[in-house]
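Please look through the sequence and the model shown here before reading on. The paragraphs that follow move from the backbone to the packing of side chains.

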Amino acid sequence: GHVQKYRAARQADGSVRLVVAPRDPGLGNWIDTFGHRRGGMSLRCATSASEPPAVRLFRVPLEKLEAEGLAALEGVEPIVSGEITD
């Protein structure tokens with residue numbers, strides 16, 4: 001799955017939040033996992049005017065995201081691009 005700049009819903013600050021999940025929690029910019037439990041992810045920044053910002057990844061249970069919306073991210077420590085985790 002993918003999201004292109006032409007259809008991505010942007011946040012007020014210009015950033016883009018993506019949700020990768022087996023079903024749409026209704027928060028916009030959803031990418032279906034198509035049944036895969038693991039996989040790779042990449043960010044392509046072609047012809048960027050400046051250095052791309054760090055990417056932050058939040059891992060939360062889908063049920064919590066569906067129930068609480070973006071409030072489910074509060075208190076969750078993000079994984080930042082360039083960091084290695086288990």
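Does Asn29 count as buried or exposed? In this predicted model, Asn29 has a relative accessibility of 12%, and because the cut-off for a buried residue is under 20%, Asn29 counts as buried. Asn29 belongs to the loop between S1 and S2, and its phi is near 50°, a positive value in a residue that is not glycine. Most residues other than glycine have a negative phi.

Phe34, which is placed in the loop between S2 and S3, likewise has a positive phi, of about 50°, although it is not a glycine. Its relative accessibility, however, is 60%, so that Phe34 counts as exposed, the cut-off being over 50%.

The loop between strand S2 (30-32) and strand S3 (56-57) also holds Ala54, which is exposed with a relative accessible area of 54%. Once its neighbours within four places in sequence are left aside, Ala54 is in contact with Val80 and Ser81; the C-alpha atoms of Ala54 and Ser81 are 5.6 Å apart in space, while the two residues are 27 residues apart in sequence.

Note on methods
Residues are numbered from 1 along each chain as its sequence is written. This is a predicted model: local features need pLDDT of at least 70, side-chain atom pairs count only at pLDDT 80 or more; totals for chains, interfaces and linings use all residues. Side-chain values use heavy atoms; hydrogens and water are left out. Helices (H or I, at least four residues) and strands (E, at least two) are DSSP runs, numbered from the N terminus. Buried means under 20% relative accessible area, exposed over 50%, partly exposed in between (1.4 Å probe, protein chains only). Contact means heavy atoms within 4.5 Å.
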